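The report below is meant to be read beside the sequence and the coordinates.

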Amino acid sequence: MDPDLISDAHLADSPWYKSGVKFSCQSGCVRCCGGAPGDVFVSRAEVDAIAAHMNIPVQEFEDSFVRHYSSGRMSLTERRNGDCILLNEKGCGVYDVRPQQCRDYPFWPEVMKSVFAWIKEADRCPGINVGEIHAAPKIADLLRSQK
Ligand code: SF4
Ligand code: SF4
């Protein structure tokens, strides 16, 4: 077999995080909820759940807080400073029904693609490399679910 193929197969089976990584969200921190523009993608079910949680009609919620893309995807909007529109002084205003994208952080493909991306993300997130160890199979499952 071509040695390069062996090497590729080995890498596919052994991600850089194969021994797990430490991550624990830090109380009082909201850095991943703002500071820069970005998409927080939401599904139809998530839009409905958040609107119900906020006790406002779905259409009103969409008109005020949702950006629609021509692809059909929807994202929460943000304030001028880049903060998520649902972030308030206490933290996430819809924490119990926050979107899956928020629940998955920092186990996003762009963060987990390399150890360098992970270390860079630690500049933003003080919970990275701290506390609870997250096992590789769980992380791999999360990444697959985001495809
Ligand atoms: S940046 Fe990290 S520590 Fe801060 S709220 Fe987000 S996940 Fe938690
Ligand atoms: S929905 Fe909540 S958890 Fe997600 S980015 Fe907005 S404020 Fe943060």
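## Basis and confidence

This is a predicted model, in which local features need pLDDT of at least 70 and side-chain atom pairs count only at pLDDT 80 or more, whereas totals for chains, interfaces and linings use all residues. Residues are numbered from 1 along each chain as its sequence is written, while chains are lettered from A and ligands numbered from 1 in the order in which they are written.

The protein chain has a mean pLDDT (the predictor's confidence in each residue, from 0 to 100) of 91, and 91% of its residues reach 70 or more. Over residues 1-11 pLDDT stays under 50, and for this stretch the model has one contact (C-beta atoms, placed from the backbone, within 7 Å) beyond four places in sequence.

## Surroundings of the two ligands

A residue is taken as near a ligand if its C-beta atom, placed from the backbone, lies within 6 Å of it. By this criterion, the residues around ligand 1 include Cys-25, Cys-29, Cys-32 and Cys-125, together with Arg-31 and Tyr-105. Around ligand 2, the shell includes Cys-33, Cys-84, Cys-92 and Cys-102, as well as Arg-98.

For the classes, Ala, Val, Leu, Ile, Met, Phe, Trp, Tyr, Cys and Pro count as nonpolar, Asp, Glu, Lys and Arg as charged, and the others, Gly among them, as polar. The shell of ligand 1 then divides into seven nonpolar, two polar and one charged, and that of ligand 2 into ten nonpolar, no polar and one charged.

Strands (E, at least two residues) and helices (H or I, at least four) are DSSP runs, numbered from the N terminus, and two strands pair if DSSP finds at least two bridges between them. An open sheet of three strands has the order 2-4-3 with antiparallel pairing, and its edge strands, which pair on one side only, are strand 2 (40-42) and strand 3 (66-68).

Three bridges join strand 3 to the antiparallel strand 4 (residues 74-76), and Arg-67 has Ser-75 of strand 4 as its bridge partner.

## Backbone exceptions

Most residues other than glycine have a negative phi, and most peptide bonds are trans. The bond from Tyr-105 to Pro-106 is cis, with omega near 5°, and Pro-106 belongs to the loop between helix 4 (100-104) and helix 5 (109-112).

Asn-55, in the loop between helix 2 (44-54) and helix 3 (58-65), has a positive phi near 60°. Asn-129, found in strand 7, has a positive phi of about 70°.

Key
Contact = placed C-beta atoms within 7 Å.
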